Amino acid sequence: MILLHTADWHLGQTFFDYDRKAEHILFLAWLKEQICSKQVDTLLIAGDVFDSPNPSADSQKMYYRFLREVTSENPALQIIIIAGNHDSAARLEAPNPLLEDMNISVRGVVRRNNEGEIDFNHLLIPLAKGGYCLAVPYLRQGDYPDAETYAQGVQKMYEAVYEVVKDKQQPIIAMGHLQATGSEISENDRSERTIIGGLESISPDSFASAIAYTALGHLHRAQRVSGRENVRYSGSPLPMSFAEKNNRQGVVLVEIGDTTKIERIEFDVPVKLWSIPSQPMPLSDVLDAIAKLPDGEIAENSPFLEIRILITEPEPSLRHQIEMALKTKSVRLARIASIVPQRENDTKIITYEDLQEINPMDMATDIFCRRYGGEDIPKEMKNMLQGVIQELER
């Protein structure tokens, strides 16, 4: 059985007001080629199909056109999709009556019966080539069995769905959209950090050792989790921020037989992300660095540019000078990061972008400890605050 694992497409994302539709179209065309050439049996999409719970009509057309074309070209292909925290679970599941006729299963909503009990069977999907998939979507407060913490609730959910499997001798795979303990996020990356709280880290032990492969989404950097070869993030197909510009994009190919073989297939992103200079420098040095950029017309595949400038004195014409210097360059200016040097004993100036990078729970902990002493917020209060944060993010 051959599986292909991908996640975090974020269809509809705009990159500093630049539309990324052309990039996503190229990725989906490349993905179709991989599915055909590798003779994939099951495609696993581990959440965050869309960048917003209310995606544009264009984004939805792109998504459904891909599903129709890939299943038409590969009639035996099975597709399993789970919702991520950026997706609307109900919206993603709504076309299920039509998609199921195309051998596509979508799981976003955690169902309960009239007695309020979770329908674990709904999250267990038989695999076309034999075996089962634990298709657990992104879990919000109240989606999981009763537990003291979010992490314990998620672990209980996977254990309960696993117990539903009648024949555990057959191959079992799991899907999830979460942050696993031991995983790495990109430094200073708002696109990941703002949706992650420390209490949400899930232990890889939540996935039974008998599970052949666990396909995760949520983090945009491709990686193994805690050294476990068969518990992986596929990463996003496109870098979502300049903090991710050095990530290696792609998908994961998994062949399950007598043993499990795992192969990383890299996708050469059509638009590169450049940051100049490598370290923040004064305007004169920035203008020298711009002069070395390639000349030419701006095209759909022209790199996105981040400029890092050190501000030592007021310069009202800064942006104008930068834009004039870039006038003949074949790059697209996305961001000017202005950095003010911090002097000894100075209080750091917090910019709007700095504020976006701060974890709400870290902020609350810092304020609580300075106001009331101690080293941490009481556990009960932290759990309640985490619930509020998750509700706001949703």
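Leu178 is found in the loop between β9 (172-177) and α6 (190-193). The structure described here is a predicted model, and within that model Leu178 counts as buried, because its relative accessibility of 6% falls under the 20% cut-off. Leaving aside neighbours within four places in sequence, the contacts of Leu178 are with Val154, Tyr158, Ile202, Phe207, Leu216, Gly217, His218 and Tyr233. Val161 is 17 residues from Leu178 in sequence, and the two C-alpha atoms are 16 Å apart in space.

In soluble globular proteins, nonpolar side chains tend to be buried together. The largest nonpolar core in this model has 35 residues, and Trp9 and Ile81 are the ones that touch the most other members. Two or more residues of this core come from each of the elements β1 (2-6), α1 (21-37), β4 (42-46), α2 (57-73), β5 (78-82), α3 (89-93), β6 (104-107) and β13 (250-256). Apart from this core lies another one of 30 residues, and Leu178 belongs to it together with others including Leu124, Tyr150 and Phe207.

Which residues does Trp9 contact, leaving aside its neighbours within four places in sequence? Trp9 is in contact with His24, Phe27, Leu28, Leu31, Ile45, Asp48, Val49, Tyr63, Phe66, Pro237 and Met240.

Thr214 has its place in strand β10 (residues 213-217), and at 1% relative accessibility Thr214 counts as buried. When residues up to four places away in sequence are not counted, Thr214 touches Ala174, Phe207, Asn230, Val231 and Arg232. Phe207, which is one of the contacts of Thr214, is also among the residues in contact with Leu178.

Ala208 sits in the loop between α6 and β10, where it counts as partly exposed at 23% relative accessibility. Not counting residues up to four places away in sequence, Ala208 touches Tyr162 and Arg228. Ala208 and Ile35 are 173 residues apart in sequence, while their C-alpha atoms are 28 Å apart in space. Ile262, in strand β14 (residues 260-266), is likewise partly exposed, with a relative accessibility of 24%. The residues that Ile262 touches, again not counting those up to four places away in sequence, are Tyr213, Glu229, Asn230, Arg232, Val252, Leu253 and Val254. Asn230 and Arg232 are touched by Ile262 and also by Thr214. Along the chain, Ile262 and Met363 are 101 residues apart, and 40 Å separates their C-alpha atoms.

## Backbone features

Where does a cis peptide bond occur? The bond that joins Ile276 and Pro277 is cis, with an omega of about -20°, and Pro277 itself lies in strand β15 (residues 273-281).

His10 is found in the loop between β1 and β2 (14-15), whereas Asp17 is found in the loop between β2 and β3 (18-19). Is each of these residues buried or exposed? His10 is buried, with a relative accessible area of 2%, while Asp17 counts as exposed at 76% relative accessibility.

## Cysteines

How many disulfides does the model contain? The count comes to zero disulfides, because no pair of cysteine sulfur atoms lies within 2.5 Å. Cys133 counts as buried, at 0% relative accessibility, whereas Cys36 is partly exposed, with a relative accessible area of 47%.

Rolling a probe the size of a water molecule over the atoms shows where empty space is left. In this model the count comes to one cavity of 30 Å³ or more, and the volume of the largest cavity is about 40 Å³. Arg140, Gln141, Gln390, Glu391 and Arg394 form the lining of this cavity. By residue class, the lining of the largest cavity divides into no nonpolar, two polar and three charged residues.

Terms used. Residues are numbered from 1 along each chain as its sequence is written. This is a predicted model: local features need pLDDT of at least 70, side-chain atom pairs count only at pLDDT 80 or more; totals for chains, interfaces and linings use all residues. Side-chain values use heavy atoms; hydrogens and water are left out. Buried means under 20% relative accessible area, exposed over 50%, partly exposed in between (1.4 Å probe, protein chains only). A nonpolar core is a set of buried Ala, Val, Leu, Ile, Met, Phe, Trp, Tyr and Cys residues joined through side-chain atoms within 4.5 Å. Helices (H or I, at least four residues) and strands (E, at least two) are DSSP runs, numbered from the N terminus. Contact means heavy atoms within 4.5 Å. On a 1 Å grid over the protein atoms alone, a cavity is a set of points where a 1.4 Å probe fits but cannot get out, and a pocket is an open set with protein on both sides within 12 Å along at least five of seven lines; lining residues have an atom within 4 Å of a point. Grid points are joined across faces, edges and corners, and a volume is the space filled by probe spheres set on the points. Ala, Val, Leu, Ile, Met, Phe, Trp, Tyr, Cys and Pro count as nonpolar, Asp, Glu, Lys and Arg as charged, and the others, Gly among them, as polar.
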